[in-house]
Protein chains: 4
Amino acid sequence: MELGMVGLGRMGANMAERIIRGGHRVIGFDPGAAARQAAQAKGIVPAASLAELVAALPVPRAVWLMVPAGKVVDDTIAQLLPLLAPGDLVVDGGNSYYKDSQRRSRELAGHGIAYIDCGTSGGVWGLKEGYSLMIGGDEAAVARLGPVFTALAPAPDRGWGRVGPSGAGHFTKMVHNGIEYGMMQAYAEGFALMERKEEFALDLHQVADIWRDGSVVRSWLLDLTADALGRDARLSSVAPFVEDSGEGRWTVAEAIDLDVSAPVITLSLLERLRSRDKDSFTDKLLATMRNEFGGHALHAAPPATGKPD
Amino acid sequence: MELGMVGLGRMGANMAERIIRGGHRVIGFDPGAAARQAAQAKGIVPAASLAELVAALPVPRAVWLMVPAGKVVDDTIAQLLPLLAPGDLVVDGGNSYYKDSQRRSRELAGHGIAYIDCGTSGGVWGLKEGYSLMIGGDEAAVARLGPVFTALAPAPDRGWGRVGPSGAGHFTKMVHNGIEYGMMQAYAEGFALMERKEEFALDLHQVADIWRDGSVVRSWLLDLTADALGRDARLSSVAPFVEDSGEGRWTVAEAIDLDVSAPVITLSLLERLRSRDKDSFTDKLLATMRNEFGGHALHAAPPATGKPD
Amino acid sequence: MELGMVGLGRMGANMAERIIRGGHRVIGFDPGAAARQAAQAKGIVPAASLAELVAALPVPRAVWLMVPAGKVVDDTIAQLLPLLAPGDLVVDGGNSYYKDSQRRSRELAGHGIAYIDCGTSGGVWGLKEGYSLMIGGDEAAVARLGPVFTALAPAPDRGWGRVGPSGAGHFTKMVHNGIEYGMMQAYAEGFALMERKEEFALDLHQVADIWRDGSVVRSWLLDLTADALGRDARLSSVAPFVEDSGEGRWTVAEAIDLDVSAPVITLSLLERLRSRDKDSFTDKLLATMRNEFGGHALHAAPPATGKPD
Amino acid sequence: MELGMVGLGRMGANMAERIIRGGHRVIGFDPGAAARQAAQAKGIVPAASLAELVAALPVPRAVWLMVPAGKVVDDTIAQLLPLLAPGDLVVDGGNSYYKDSQRRSRELAGHGIAYIDCGTSGGVWGLKEGYSLMIGGDEAAVARLGPVFTALAPAPDRGWGRVGPSGAGHFTKMVHNGIEYGMMQAYAEGFALMERKEEFALDLHQVADIWRDGSVVRSWLLDLTADALGRDARLSSVAPFVEDSGEGRWTVAEAIDLDVSAPVITLSLLERLRSRDKDSFTDKLLATMRNEFGGHALHAAPPATGKPD
């Protein structure tokens, strides 16, 4: 079938490429000329504008959005809307907040356009290994796009499925990422503990590698960890600074909203925040209190770094 | 080669069976007659006593212990010691505390006997899929037992290795289990969140199954989770009661001892303790405080259940 | 001065009484006739409607809302608005979300009416001991209401203050309650630990009482705890079930929003959620996973309780 | 009565001074000559050695140890033992591990010497405000020392008591400190949240000061916090580096040992460990994993600081 892909960044371009390998035709648009050019080299038919992309698609159209969550999705939909017609179909394959997807689905339904929220996992490896797709939305619309999902998935009948109505796909992906935070933190803490145990001089790469086969903790994340440790078991070039994207925050908020205690997922998020706070006021006040009641010595703050004259 | 296996419970018998499949001969002892009988059916040569087991082994002997951690290991070693000779070798394949293994290694070294600590992962699936083996101890002794490790491992050159001196094997296994706690808790929290989201009526088995291919959270634990949810996605017959064994506690203690903050592994242990406390004094006191300062209503404790006359 | 008090529940009636003791006149309204009657006995001049309350106040009027946070505040303001005139002043002394207070302040400012958000701490003890008041809003409006704050506070110049612009009062109160959650949890965990230590047969009331003087952990919450433990050191009539109100949730959300890691306040909230989940799916799945990979026995769920025929 | 005080550091000297104010005579020993000299100025009768101290005391003797926990206590007892006689009494007023105190009590009982473990709270403020004393040991021995406890306590009948047999005093003090960790962390997180909320430009000293009267979170720790924030509300000279002493670790270990989930006390300890780890391997591995699976950019570690030639 034919599909329009909006957003030809790392994820969008890779996904388009995999869809093409599956025997489909992809018209692609990206605001960046370089991205459009790179896409063309992968067999994507470049469109110079959203209008051109829409015009190039057979009716009823299917347009896949692979753009940053939030305002960009809304803006893109606003630009697409006048170009589309009843019967067309839009998929959001990014990491949108599921309540946004529910709202967008309702809005597009008012125009006769189906809106599918597709949580997509697999990262930079998806091109090669296939993507895990958690899909929410109208059953007929999902079915119509089946050939594309089949091409993206690791195998035609594995790794994808419609999990529920609008929003269910992005909700499931959100929880997926919350679990991912917790798993990552569990591994990282364990390896940090081994790294600190100087007595045994463990080779962290070797340990990770042993665990890849037969152990209870074997996983794809462990495979990647083993690879990275194989290149530098001390991670000497990496700063202890961990970003987070929205899904972890949403998962924590959702859990509290539903009265579900999810301490490990929650702490995993907080540890990321913590990793970025190099001058914690919490810790300064703790040290101050100890000094106040017990006379315990304070460590002096380093002098503020000023530019030399 | 020939190996004595002491302890023919679920783990010991399975491991002996896999070793035999690898072309080796295993003499087995277990205090339980039924276990000995079942072992015989699997090709294990039964011994009626430790003395008989030792007598049946060629010199230098290799004896593998697969008995409960703690006192049973010490008692077994105490009984074996007068039967063994310098040059013999003992392996502890159970979940012993690594400091115990270091002590035992020192003690047996005084008798000219090598002591290997082998952390073993794989559970009931190890027979079929092979065991992940983290091995600590003298290099020559580990090398001598190579054929047995090769037979136990998932593949001759995968899933096993000597990670360091005495204690390093059980230390590594301890951390492995700490990570396991964290991963399990991360998955469990995520699925609990999806279970609570009634709005989407998610099929938890389907979600787990989708994630098995291509997703970032794919793992062997997820495979097992998917299987279990496939049999009963509501887990309706299971009580919310989670046991823990020693490794989680040791991991938490070790992390604190080394000044490593491991909040996710730690919380995963605490959540297990929590799951078994159905009448938390902490919660009773919190409710009481709220009543004291704010006049917030208390829930009455259910009356103690007495047997009717 | 003269003040209208809307909401004559436990908090509103007590506060009105303390204001009256301070030499002021309070006109009070509550939708419940019983509450109005009880208020009259305390010297509050009852009004049968908001209109009557407003009519009874001298211009420029001052109206204090002491009603449940959320919709009731908005509804009350909507009813008051047509009755008030430019120059009047409204105080929200409840536990409103600070962003709601900011919005309401903007809305009322458009009508020439000042809106003060006053975080109020002290609970049922405030009548006797005075209330701690964290006040946000226009400086002149706060100053005008100074005599009322003075009457409510523990002492004329202690325990109250304008902490910032609109919203700052309720924000500060929100954080206050977050801290309160953490302190309560810290005490409760400590006492639970002592309660479990059967070896020492500690008298928890005695310990709490000793700590009230001279110790680092002395506090008003400890005083209350000691009193409660003095009545029943085993808390035998209390169910382990802890409610939470909005401030804890908002504090957790705000901390994450500002990238502040606040693990103790956060966990204190999660523990309350946990206390109310007697059939945790998380724990059921953990038990199930252990059974899957290790063959560890499951505890059977108790049969659903049915009514006998 | 007459008391020997061993250890004339900040705590020991202050306590001796308060005991003297209570009308008693204190012979003091400290290995440091300066400490002995300073003690003399406070009315303590200095002894040049333990032998001199013991010789100066009337029989039956009472010796109070105020020395660092651990080896120093054992060493001091070993030196004292040959100097003491049956019927004498030793108090350990420091922060010893309660199991050590139980062992020491058994050992000294074999020599006819009573051993009292006295958890002491109050810090540098104890001299002025009195100490909170949690006392474990033989009833008669505790009763004999009543006049000293009375002098140390905030009031003759307040802030001290025998809470149980040997070990119970230090156990209770250990839990006290665990609670202290949790309370401190709760306050520190709350103030950090307010500090980060630039929108309101809160004066943290003002907020702390308001809370000191009438609020639910009022406490002695808050009083100290208010004082410190009054001197520097930004804590600009303090490094975010928080020490911990043994009691927090022991509390966490004890809670796990007794199957009590104490997440807030536990996390409070972990946060202190965290504050001292400026190059967290956990965080480096998390950042690395994100890079592995998602291509997310890494922050480069700063170059190792070398001394210029």
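## C:E292 and its neighbours

Leaving aside residues up to four places away in sequence, C:E292 touches B:V124, B:W125, B:L224, B:D227, B:A228 and B:R231, where contact means heavy atoms within 4.5 Å. C:E292 is found in helix α14 (residues 281-294) of chain C, helices being DSSP runs of H or I with at least four residues and strands runs of E with at least two, numbered from the N terminus. With a relative accessibility of 9%, C:E292 counts as buried; buried means under 20% relative accessible area, exposed over 50% and partly exposed in between, with a 1.4 Å probe and protein chains only.

The side chain of C:E292 makes a polar contact with the side chain of B:R231 at 2.2 Å. A polar contact is a pair of N or O atoms within 3.5 Å, of which, within protein, one must be able to donate a hydrogen and the other to accept it, while residues adjacent in sequence count only if both atoms are side-chain atoms.

## Basis of the model

This is a predicted model, in which local features need pLDDT of at least 70 and side-chain atom pairs count only at pLDDT 80 or more, whereas totals for chains, interfaces and linings use all residues. Residues are numbered from 1 along each chain as its sequence is written, chains are lettered from A and ligands numbered from 1 in the order in which they are written, and side-chain values use heavy atoms, with hydrogens and water left out.

## Chain B against chain C

Chain B and chain C each bring 62 residues to their contact, and between them they bury about 5500 Å², 65% of it on carbon and sulfur atoms; buried area is the accessible area (1.4 Å probe) that two parts lose on being put together, summed over both. Of the area that chain B buries against chain C, 14% is supplied by B:F281, B:E292 and B:F293, more than by any other three residues.

Six salt bridges are counted between chain B and chain C, each a side-chain nitrogen of Lys or Arg within 4 Å of a carboxyl oxygen of Asp or Glu. B:E292 forms a salt bridge with C:R231, with the closest N and O atoms 2.3 Å apart. On the side of chain B that touches chain C, the elements giving two or more residues are α9 (168-196), α11 (220-231), α13 (263-275) and α14 (281-294) of chain B, and the largest share, 13 residues, comes from α14(B).

## Chain B against chain A

The contact between chain B and chain A takes 70 residues from each of them, and the area buried between the two is about 6000 Å², with 68% of it on carbon and sulfur atoms. Within chain B, the residues that lose the most area to chain A are B:L193, B:F200 and B:V216, together 12% of what that side buries.

Eight salt bridges are found across the interface of chain B and chain A, and the side chains of B:R218 and A:E129 meet in a salt bridge with an N to O distance of 2.4 Å. The count of residue pairs in polar contact between these chains is 28, both residues being at pLDDT 80 or more.

## A:R249 in chain A

A:R249 is found in helix α12 (residues 246-257) of chain A, and its side chain makes a polar contact with the side chain of A:D244 at 2.7 Å. Not counting residues up to four places away in sequence, A:R249 touches A:D244, A:L269, A:L273, A:R276, C:I256, C:D257 and C:D259.
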